[in-house]
Each structure stands twice: as C-alpha cells, then as structure tokens.
Amino acid sequence: MNRILPPAGPPRVLALAQLVNSLGDGAYYACSALFFTRIVGLSPTQVGLGLTLAWGTGMLAGVPMGHLADRWGPRRTALLLALLTAAALSAFLVVRSFPAFLVAACAYACCQAGLTSARQALLAGLDPEATPLRPAVDVPAGQLLLMPAAWGGYAGVKVATVAPGNPERGLPRIQGVYLLLDGRTLAPLAALPGIALTSLRTPAVSALAVRHLAPQGAASLLVFGTGPQAWGHVIALREVRPVERVTVAGRDQDRAAAFAGRCRALGLEAAVAAGPDRTRRAVAEADLIACCTGARTPLFPGGLVKDDAVVVAVGSHEPAARELDGDLIARATVVVEARGAALAEAGDLITPLSAGMITDGHIAGNLADLVGGGVIPGAGPGVFKSVGMAWEDLVVAAAAYRKWAASR
C-alpha cells in the first residue's frame with residue numbers, strides 16, 4: 001500500500017480529499033437528474049441541455065481558474081472555490097426554473113473546474129518540512145555536510161564542505177559535489193559541481209521569496225559580501241524587482257570596489273559603503289538587503305531597516321552564527337525554507353528565541369506557505385532566512401540535467 005499511496009503527510013491528506021470529492025461527484029451525477037426532474041419539475045431535455053452547457057462553461061473556466069491559483073496560491077484558491085461550490089450546491093435547493101437552474105449549474109461547474117486545478121497544484125507541490133535535516137560532521141579543517149533528497153522522478157545527494165580557513169588560501173569557503181540519481185532505480189545520472197549548483201540555487205530561492213515579500217517598486221539593493229553568493233543575488237533579485245541601485249558592503253575595500261564595478265558594467269548605479277556611517281545610512285535607505293557573508297555576529301543594527309524593506313540572510317547555517325540581530329527578527333515578518341530546519345540551524349532565529357525575544361510561533365511561514373498565499377505580512381520589514389536545504393539542490397540539479405539531456 002505504501003507504494004500505491006502518496007507519501008504520508010499533506011500529499012496523502014490531499015489525495016484522500018480528492019477521493020472523497022470524487023465519490024461525492026459520483027453521487028451527485030447519479031441523483032441530480034432525478035432531483036431536477038422529479039422535485040424541481042424540469043424536463044429531461046432541459047436537464048441534459050443545462051448540464052451540457054454548464055460543464056462546457058466549466059471546461060472553458062479551467063484555464064483562468066488555473067491562473068487564479070498561480071496568482072493567489074493554490075491553498076487560498078482551493079479554500080475560496082470550495083466555499084463557492086457549497087454555495088452553488090445550496091442554490092439548487094431553491095431553483096424552480098430552467099434559467100435559475102442553468103445559472104446555478106454553470107457556477108457549480110466553474111467552481112469544480114477551479115478546484116481541480118488548485119488540487120493538482122497542491123498535490124504536485126513539494127513539502128519543505130518533509131526534507132530530512134542534514135548531518136554535519138566536524139573535521140579538523142571545518143565541516144562535512146551530507147544533503148540527501150528525493151522528489152518526483154529524481155533522487156540526489158550533495159556532499160558539501162565548509163572550510164573557514166580557505167579564503168585566506170584563495171580558495172572557496174564552501175565546496176562540494178552533487179550526485180543526481182534516477183528516482184525509480186537510483187541509478188546515477190549526473191555529477192554536478194557543488195559550487196556552481198549552490199551559486200545558482202541559493203539566489204534563485206531568495207528571488208522566489210523576494211517576489212512574494214517585497215514591494216513591487218523595490219529599486220535599491222544593499223549587498224553584504226563580495227563573493228559568488230553576493231553576485232548571484234544581484235543577478236537574481238534584479239530579475240524579480242526593478243533594481244536600479246546597488247550598494248556594496250565588504251570587509252575588503254578593493255574587492256568591494258571591484259564588485260561595484262561589475263554592477264556598473266550591468267548598467268546599474270553602484271557604490272561602496274565605506275565605513276560604519278555609510279553602511280548604517282545604506283541600511284536605512286535600502287529596499288532590499290542581501291546578507292551573503294560568513295559573519296558570526298550581526299552585520300548591522302536591525303532597528304535601522306525601514307518597515308517596507310525585505311532582508312535576505314543566506315550566509316550562515318549554524319546555531320551560534322547569525323547575520324541579523326534579534327531586534328530585526330522581533331519586528332519582522334519572518335519566512336524560512338522550513339520551520340524544522342530553521343529552528344535547528346538558523347542562529348538568526350535560535351539566538352533571539354533563546355533570549356525570549358521571540359517564540360516558535362513568530363515564524364510567519366515556510367516557502368510553501370509564502371508561495372501558496374498563506375503568509376500575511378505584518379507592519380514591519382520582511383525577512384527571509386535561508387540555511388540551504390537538500391530539496392533545493394535536487395530541484396535545480398534535476399532542471400539542469402533535463403535541459404542538458406534535451407540539448408543532446
């Protein structure tokens with residue numbers, strides 16, 4: 001049965017809901033003709049014509065209803081359409097003429113078409129909370145991280161290394177390799193460089209969060225860091241918001257100046273936040289702030305961030321390390337990839353939680369909640385805290401593999 005049924009949790013609950021709905025539809029189809037002819041008093045011809053027109057209308061409504069689910073999120077859309085379906089069915093109790101019957105039947109068919117689209121989106125969704133936490137093994141040079149995941153037709157595992165002393169040697173702090181497997185046979189399909197994969201997937205996930213959290217007109221970006229992740233965030237965030245100005249804050253002023261030069265080569269206004277005063281002013285003015293550093297203590301006072309700004313923090317995945325202070329976290333609408341992973345690894349949240357500044361319930365939602373419309377922004381800034389998860393690597397690796405396979 002476990003091989004037949006969807007995975008335990010939300011996918012299985014949704015599949016059960018779909019089964020119950022299908023049984024209800026079957027009962028409706030069998031009984032409705034008798035109800036409308038014997039109770040309402042319509043002729044068989046009227047019933048047949050009305051149902052045909054209604055389901056034709058519902059078929060045409062499927063596409064715009066699918067777009068509605070994309071725009072509002074499948075969870076919110078499904079809830080609304082379920083309530084409207086109940087209202088349409090209740091209307092049948094007061095129908096006493098063919099025109100009224102036709103209107104009610106069309107409303108019911110349109111709601112059912114939309115519900116089908118929303119349910120399919122929910123059933124196809126990936127649950128971030130279901131991804132197992134990665135084990136971290138301390139070694140003399142740093143850490144080894146093992147990140148396995150399975151979803152859809154693929155499985156995979158990334159072996160990542162974190163070597164804090166590497167930047168002084170001119171080497172990347174985080175390295176690794178990804179092994180992509182066939183989901184059915186677990187046969188190896190491809191090996192991908194971990195740095196390239198991480199440099200792509202982390203900014204992509206941040207851009208997804210910013211798309212749903214940030215104001216449409218966010219045009220100024222402050223970047224902490226000058227490495228591959230910082231550059232990746234400049235590229236990714238300008239794809240989802242009209243970024244025009246970039247300010248760079250880095251410990252090495254020469255590298256920060258070179259980074260600003262790369263931004264100007266893209267046609268962006270760019271400057272370096274040299275010194276504490278300019279950095280504080282840049283924090284207070286920025287629409288978007290991307291923290292892409294190996295810092296172990298907060299980079300700036302959180303009280304400086306304006307209420308409509310969005311802050312992305314991706315640089316740390318250890319309980320004792322953080323880029324953001326508790327003041328910012330306490331006043332922000334906080335979104336994480338998954339609650340379990342964040343509460344186990346994100347020092348940005350664990351530290352204020354331990355200090356009593358926030359509670360477990362302070363997290364507004366995970367990425368699935370955000371994309372599905374389940375996160376309600378508060379009065380303060382938005383914060384997306386990322387620790388990096390195995391499912392993100394898998395999704396991006398599978399997409400890269402499919403594109404490579406299609407080009408052969």
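Trainee: What share of the 408 residues in the protein chain is called buried, and what makes a residue buried?

Mentor: In this predicted model, buried residues make up 45% of the 408 residues in the protein chain. A residue is called buried because its relative accessible area is under 20%.

Trainee: Which residues account for 67% of the contacts in the protein chain with a separation of 6 or more?

Mentor: Those contacts are between residues 24 or more positions apart. A pair counts as a contact because heavy atoms lie within 4.5 Å.

Trainee: How many helices and strands does the secondary structure comprise?

Mentor: The protein chain has 13 helices and 13 strands.

Trainee: In what order do the eight strands of the open sheet stand, and is the pairing parallel or antiparallel?

Mentor: The order is S8-S7-S6-S9-S10-S13-S11-S12, with parallel pairing. Strand S8 (269–272) and strand S12 (363–366) are the edge strands, as each pairs on one side only. On average, neighbouring strands of this sheet are turned by 20° against each other, direction ignored.

Trainee: What makes strand S9 and strand S10 a pair?

Mentor: Pairing requires at least two bridges. Four bridges join S9 (residues 288–291) to S10 (residues 310–313), so the two strands meet the criterion and pair. Within S10, Ala-313 is the bridge partner of Cys-291.

Trainee: Which strands of this sheet does helix H5 touch?

Mentor: Helix H5 (residues 194–213) packs on the sheet and touches S9, S10, strand S11 (333–336) and strand S13 (382–385). The direction of H5 makes about 160° with that of S13.

Trainee: Why do strand S1 and strand S5 stand at the edges of the five-strand sheet?

Mentor: The order in that open, antiparallel sheet is S1-S2-S3-S4-S5. Strand S1 (136–139) and strand S5 (188–193) each have a single partner strand, so one side of each is left without a neighbour in the sheet. Neighbouring strands here are turned by 15° against each other on average, direction ignored.

Trainee: How many bridges join strand S3 to strand S4?

Mentor: Nine bridges join S3 (residues 154–162) to S4 (residues 174–182), and the two strands run antiparallel. Thr-161 stands opposite Gln-175 in S4.

Trainee: Which strands does helix H13 lie across?

Mentor: Helix H13 (residues 390–407) lies across S2, S3, S4 and S5, at about 65° to S2.

Terms used:
Residues are numbered from 1 along each chain as its sequence is written. This is a predicted model: local features need pLDDT of at least 70, side-chain atom pairs count only at pLDDT 80 or more; totals for chains, interfaces and linings use all residues. Side-chain values use heavy atoms; hydrogens and water are left out. Buried means under 20% relative accessible area, exposed over 50%, partly exposed in between (1.4 Å probe, protein chains only). Axes are lines fitted to C-alpha atoms, for helices over the stretch in contact, and angles run from 0 to 180 degrees between N-to-C directions.
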